[in-house]
Amino acid sequence: MSYSKSITSSIRQLGKRLLEWYEANGRHDLPWRQSRDPYRVYISEIMLQQTQVERVRSHYYPAFLAKFPTLSALAKAPLDEVLALWSGLGYYQRARNLHKTALLCPDGLPKSLEELKKLPGIGDYTAAAICSFAYDQPIAVVDTNIKRLLSRLFALSSPTPSKLWHVASQLLHPKRPRDHNLALMDLGALVCTAQNPKCEVCPLAHLCQAEDPLLFGQNKRQKRKETTLHFGISIQDGKLAMVRSQKRLYEGMLLFPPVSPTSEPLVTYRHSYTRYNLTIHLHSLPSPPQNAVWIDIQRLQEYPLASLATKGIALLRQKLVL
Ligand code: SF4
């Protein structure tokens with residue numbers, strides 16, 4: 001049986017079973033599923049790109065919306081305030097792109113896939129998610145969970161993004177495309193998991209073509225690079241000297257001033273960030289740099305601090321350096 005015939009013959013059964021499973025088991029209580037507001041959908045999708053659902057749900061999503069309830073409120077805010085609220089989430093380019101998008105369309109997001117993809121930081125997936133979850137358009141969504149699930153379901157080894165999109169589009173339920181996409185996403189996240197798929201409770205097990213699921217849909221893990229960094233600590237009148245990073249990874253965020261090591265460090269710690277495993281040494285720095293930004297140690301939450309810095313400050317406090 002050809003690949004496309006196999007898909008076609010499975011569509012009807014799959015759609016019905018999938019939606020039944022979703023109604024009983026889906027993650028209906030996720031806060032971003034309570035709303036069709038495109039802005040709320042957009043914020044959730046950007047936050048969830050590199051961050052676990054629980055962290056987004058419990059803190060970052062409600063805090064962000066409380067402070068910036070609309071695109072126009074986000075557009076009016078200084079970038080520093082947006083970055084401060086993003087502190088700890090990492091991948092700060094996401095926050096900068098949110099702010100740029102708000103400035104470009106403060107009155108609302110466009111409704112077409114193509115127009116959405118012209119905005120900074122909105123790629124194929126996010127545009128499709130907004131069209132489906134906010135506007136209920138009949139557009140397939142393929143996130144990491146759906147990619148893994150479809151790869152296993154149809155035993156696709158290393159499918160290209162366009163092939164997966166094609167498969168997902170063929171499967172899309174004509175009357176309930178939004179629920180269908182959410183159902184696939186939840187089934188991938190809760191049942192067809194990366195390491196231990198629960199095939200025994202999978203509603204699509206009778207259609208699944210993967211004899212060994214672990215052979216399909218696995219992301220290749222990139223090895224993290226070991227890197228050592230040295231920073232300086234200058235304190236004056238209860239304030240700590242920081243500098244604004246120009247490097248792409250942390251652009252706009254406040255970090256300790258970089259130094260060449262000349263003394264024993266006050267504190268050494270490890271931190272992982274994107275593709276890096278960092279060993280960080282904090283040294284005493286008697287003369288702060290001229291471009292220092294002095295931050296009040298009692299009001300850290302008001303500043304756009306990278307988590308690398310907040311972790312270092314907490315350790316300095318433990319050692320009574322601050
Ligand atoms: S049967 Fe197993 S591998 Fe196949 S889709 Fe279901 S959970 Fe995934």
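This is a predicted model: local features need pLDDT of at least 70, side-chain atom pairs count only at pLDDT 80 or more; totals for chains, interfaces and linings use all residues.
**View 1. An open sheet of three strands, in the order β1-β6-β5.** Going from one strand to the next, the twist averages 25°. If you are tracing the strands by eye, remember that in a regular strand the side chains alternate between the two faces of the sheet.

**View 2. The parallel pair β1 and β6.** Here we look at how β1 meets β6 (residues 276–284): the two strands run parallel and are joined by nine bridges. A handy landmark is L229, which stands opposite I280 in β6.

**View 3. Helix α12 lies across the sheet strands β1, β5 and β6.** The helix covers residues 307–318. Relative to β5, α12 runs at about 155°.

**View 4. The hairpin of β2 and β3.** Strand β2 (residues 235–236) pairs with strand β3 (residues 239–244) in the antiparallel sense, over two bridges. Q236 stands opposite K239 in β3. Two residues sit between the strands, and D237 in this hairpin takes a positive phi near 50°.

**View 5. Further partners of β3: strands β7 and β4.** Stay with β3 for this close-up. Strand β7 (residues 293–296) runs antiparallel to β3, and four bridges join the two; look for M242 opposite V293 in β7. Strand β4 (residues 254–255) also pairs with β3 in the antiparallel sense, over two bridges. Within β4, L254 is the bridge partner of R244.

**View 6. The residues around the ligand.** Which residues surround the ligand? The shell consists of L149, R152, V191, C192, C199, C202, A205, C208 and P213.

**View 7. Where domain 1 and domain 2 come into contact.** The chain is divided into domain 1, spanning 3–215, and domain 2, spanning 225–318. Taken over C-alpha atoms, the centres of domain 1 and domain 2 are separated by 35 Å. How many residues of each domain take part in the contact? Ten residues of domain 1 are in contact with 16 residues of domain 2. The size of an interface is often given as the accessible area lost when the parts come together. For domain 1 and domain 2, the area buried between them is about 950 Å², and carbon and sulfur atoms give 51% of that area.

Terms used:
Residues are numbered from 1 along each chain as its sequence is written. Side-chain values use heavy atoms; hydrogens and water are left out. Two strands pair if DSSP finds at least two bridges between them. Axes are lines fitted to C-alpha atoms, for helices over the stretch in contact, and angles run from 0 to 180 degrees between N-to-C directions. Contact means heavy atoms within 4.5 Å. A residue is near a molecule or strand if one of its heavy atoms lies within 4 Å of it. Domain bounds come from an automatic or database domain assignment. Buried area is the accessible area (1.4 Å probe) that two parts lose on being put together, summed over both.
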